[in-house]
Amino acid sequence: MHRQWGGPGALPVELTDAEVEALGARGYFLRTSLLGEVEARSVQDEARARVSAGTLHPAGIRRGADRTVDSHVRGDHVDWVLPQSGSALGTLWERFQALGEALSSGAYLGLGRFDLQLACYPGGGARYARHLDAFPGQSNRRATAIWYANSDWKPAHGGQLRLYPDGEDPVEVPPRLDTLVVFLSERLEHEVLPTHVPRLALTAWYYGRDAG
Ligand code: OGA
Ligand code: NI
């Protein structure tokens, strides 16, 4: 059985039973192809163009109440992606919206709005140390979805996403073009291993319906 949901006009995202089960049991699931090759390459082209245009800025991290930039902990450059019709990035934004609706109806996550961020790790060993995307108990990020845009990725490039599921061995996800990973933001610790070439990702963080 598939569970289906989608906004008006938007392509729905269907979650399989296996994906819903994996999210509950392990805190994550993976899909190796979300959009298909042609559309994925269009998104990658637009993402690369945004990077070349120079609008990204070094990502911050929170230390207590303060936001600081520390490239040893987190080495990526980021920018927000807004809904925009008629562009490949806009289509991806809609897919993330449909994914949030599928997670709410199929996996009972009760998600509301989401933010979408383009992140580029420049290479040269840039990484993101092990962390959680949300602290349990605060009504903030509930689910994280990451889609990768690295068509030429090879193991020697590094930059794998390492996930730390409870009580299981860590799992390494290659950041290959069109791979999607979804995990529970308050539960799954993860890190980005050092990357030796530029590495592009689009990350959506979904907030609970009760969040401001
Ligand atoms: C993050 C993060 C992982 C990735 O931005 O919080 O963990 O694979 N990103 O880009
Ligand atoms: Ni993270």
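Q: Phenylalanine 114 and tyrosine 206: buried or exposed?
A: Both are buried. Keep in mind that this is a predicted model.

Q: How are the rings of phenylalanine 114 and tyrosine 206 placed?
A: Their centres are 5.4 Å apart. The planes meet at 40°, so the pair counts as tilted.

Q: Which strands do phenylalanine 114 and tyrosine 206 lie in?
A: Phenylalanine 114 lies in strand β8, and tyrosine 206 in strand β15 (residues 199–208). The pair therefore ties together parts that are 92 residues apart in sequence.

Q: How many aromatic pairs does the structure hold?
A: It holds 2. Tryptophan 93 and phenylalanine 114 form one of them, also tilted, with 4.8 Å centre to centre and 35° between the planes. Tryptophan 93 lies in helix α3 and phenylalanine 114 in strand β8 (residues 111–121), so this pair links parts 21 residues apart in sequence.

Q: And tryptophan 93, buried or exposed?
A: Tryptophan 93 is buried, as is phenylalanine 114. Trp93, Phe114 and Tyr206 make up one aromatic cluster.

Q: Helix α3 next. How many residues, and what is its reach?
A: Helix α3 (residues 88–107) has 20 residues. From first C-alpha to last it reaches 27 Å, close to the 28 Å expected at 1.5 Å a residue.

Q: How many of the residues of α3 are buried?
A: 15 of the 20, so α3 is largely enclosed by the rest of the structure.

Q: What follows α3?
A: Tyrosine 108. Its phi is positive, near 55°.

Q: Now the sheets. What is the strand order in the one with 7 strands?
A: It runs β3-β13-β10-β15-β8-β7-β4. The sheet is open and the pairing is antiparallel.

Q: Which strands stand at the edges there?
A: β3 (28–31) and β4 (57–58). Each has a single partner strand, so one side of each has no neighbour in the sheet.

Q: How many bridges join β10 to β13?
A: There are 5, and the two strands run antiparallel. Strand β13 covers residues 180–184. Isoleucine 146 stands opposite valine 181 in β13.

Q: Where is valine 182 found?
A: In strand β13. Valine 182 is buried, with a relative accessible area of 0%. Valine 182 and leucine 99 are 83 residues apart along the chain, and their C-alpha atoms are separated by 9.6 Å.

Q: What about lysine 154, where is its place?
A: Lysine 154 is in the loop between β10 and β11 (161–164). It is partly exposed, at 48% relative accessible area.

Q: How many bridges between β9 and β14?
A: β9 and strand β14 (residues 189–195) pair over 3 bridges, in the antiparallel sense. Alanine 126 stands opposite threonine 195 in β14.

Q: Aspartate 133 and histidine 190: buried or exposed?
A: Both aspartate 133 and histidine 190 are buried.

Q: Last topic, charges over rings. Which ring does the charged end of arginine 130 sit over?
A: The ring of tyrosine 164, at 3.7 Å from its centre.

Q: And the charged end of arginine 113, which ring?
A: Tyrosine 207, with the charged end 4.2 Å from the ring centre.

Conventions
Residues numbered from 1 in each chain as written. Chains lettered and ligands numbered in written order. Predicted model: local features only at pLDDT ≥ 70, side-chain atom pairs only at ≥ 80, totals over all residues. Heavy atoms only, no water. Pairing = 2+ DSSP bridges. Helix = DSSP H or I, 4+ residues; strand = E, 2+ residues; numbered from the N terminus. Expected span 1.5 Å × (residues − 1). Buried < 20%, exposed > 50% of the residue type's maximum accessible area, 1.4 Å probe, protein only. Phe/Tyr/Trp six-rings, centres within 6.5 Å; stacked < 30°, edge-to-face > 60°. Lys NZ or Arg CZ within 6 Å of the ring centre and 35° of its normal.
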